[in-house]
Amino acid sequence: FFTALANAFASNNFAAMGPALLGLISFIFIGLLLLAMMAAPVMQLAMGSRKSGALARFAFGPQEWRLFRASLGVAGFLLALLLIVSMGAAALLGPGSRNANAASLVIFYLGMIFFLLRFGFLLPAVSVAETGPVLPRSWLLSAGNVWRILGVLLAVVMPVRIAMILVQVALEGPRMLDTPLADSTAMVAARIHFASQAMPVTAGLFFLFAPLLLGLTIGASAHVYKLLKSDQPA
């Protein structure tokens with residue numbers, strides 16, 4: 001995917017990355033499936049419905065299925081948001097312009113963060129603890145608590161993420177922090193190529209830190225869910 005993306009920017013032929021995009025969509029589909037299979041049993045431990053952990057667990061029951069369907073719904077919603085924002089920016093600022101691309105990315109990322117906080121943070125807890133529709137319930141519980149949820153996530157995730165960056169800098173050197181502005185498609189292609197070269201280290205670090213990130217995030221989600229469901233001051 002990185003190679004196809006870099007070649008597309010280098011040649012200004014974005015149609016060439018169509019097959020790679022289909023592969024990326026398949027990767028996301030399988031990734032959400034496996035994430036649901038990992039998150040559901042961890043959430044069961046956090047909620048107290050399971051009393052003992054397991055060295056390895058491979059199962060796909062009703063709760064995993066509910067979480068997977070809800071995650072697909074959020075992913076589809078974000079994809080639709082990206083398409084709408086991109087087409088709107090292109091219509092207002094001109095197709096292919098740098099301003100249109102920058103504006104669409106900024107709007108999309110802000111919208112993605114908002115909807116992930118409203119939907120995604122409580123998805124595992126609602127999927128495991130309840131039996132009704134997951135997405136409407138997550139939206140209802142998170143209403144009026146976006147900033148609190150963002151603060152909880154930053155407090156939980158940022159220390160681990162900073163540790164990952166420090167390890168990556170130690171392994172790759174300070175050049176990984178050098179992110180010049182991409183003022184041309186050739187510069188974008190060069191940055192994508194650099195990211196692909198660093199992928200073994202980046203993916204390896206995420207693999208090693210993933211259990212810690214998953215456990216902390218699921219634990220925070222379970223605690224926030226209990227507070228919001230009890231209607232007590234959070």
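Q: How far does helix 9 reach from its first C-alpha to its last?
A: The model is predicted, so local features need pLDDT of at least 70 and side-chain atom pairs count only at pLDDT 80 or more, whereas totals for chains, interfaces and linings use all residues. Residues are numbered from 1 along each chain as its sequence is written, and side-chain values use heavy atoms, with hydrogens and water left out. Helices (DSSP runs of H or I, at least four residues) and strands (E, at least two) are numbered from the N terminus, and the expected span of a helix is 1.5 Å times one less than its number of residues. For the 32 residues of helix 9 (residues 199-230), 46 Å is expected, and the reach is close to this, at 43 Å.

Q: At which residue does helix 9 bend?
A: The bend at a residue is the angle between axes fitted to the seven residues ending there and the seven starting there. In helix 9 this angle is about 50°, and a proline, Pro 211, follows within four residues of the bend, which is at Phe 209.

Q: Which elements are included in the cover of the buried residues of helix 9?
A: Buried means under 20% relative accessible area, exposed over 50% and partly exposed in between (1.4 Å probe, protein chains only). Leu 205, Phe 209, Leu 213 and Tyr 225 are among the buried residues of helix 9. Their cover includes helix 2 (18-47), helix 5 (123-129), helix 6 (134-142) and helix 7 (146-172).

Q: Is Ser 138 buried or exposed?
A: Ser 138 is found in helix 6. Leaving aside neighbours within four places in sequence, its contacts are Arg 118, Phe 119, Leu 122, Leu 123 and Val 126. Its relative accessibility is 0%, so Ser 138 counts as buried.

Q: How many aromatic pairs does a search of the whole structure find?
A: Rings of Phe, Tyr and Trp (its six-membered ring) pair if their centres lie within 6.5 Å; planes under 30 degrees apart count as stacked, over 60 as edge-to-face and the rest as tilted. The number of aromatic pairs found in the whole structure is 12.

Q: How far apart in sequence are the parts that the pair of Phe 114 and Trp 139 ties together?
A: This pair is edge-to-face, at 6.2 Å centre to centre and 85° between the planes. Phe 114 lies in helix 4 (residues 98-120) and Trp 139 in helix 6, so the parts tied together are apart in sequence by 25 residues.

Q: What is the angle between the planes of Phe 119 and Trp 139?
A: Trp 139 counts as partly exposed because its relative accessibility is 32%. Its pair with Phe 119 is tilted, with 5.1 Å centre to centre and an angle between the planes of 40°.

Q: Which residue has its charged end over the ring of Trp 139?
A: Ring pairs link Trp 139 into a cluster with Phe 77, Phe 114, Phe 115 and Phe 119. A charge sits over a ring if NZ of Lys or CZ of Arg is within 6 Å of the ring centre and within 35 degrees of the ring normal. Here the charged end is 3.7 Å from the ring centre and belongs to Arg 118.

Technical notes:
Contact = heavy atoms within 4.5 Å.
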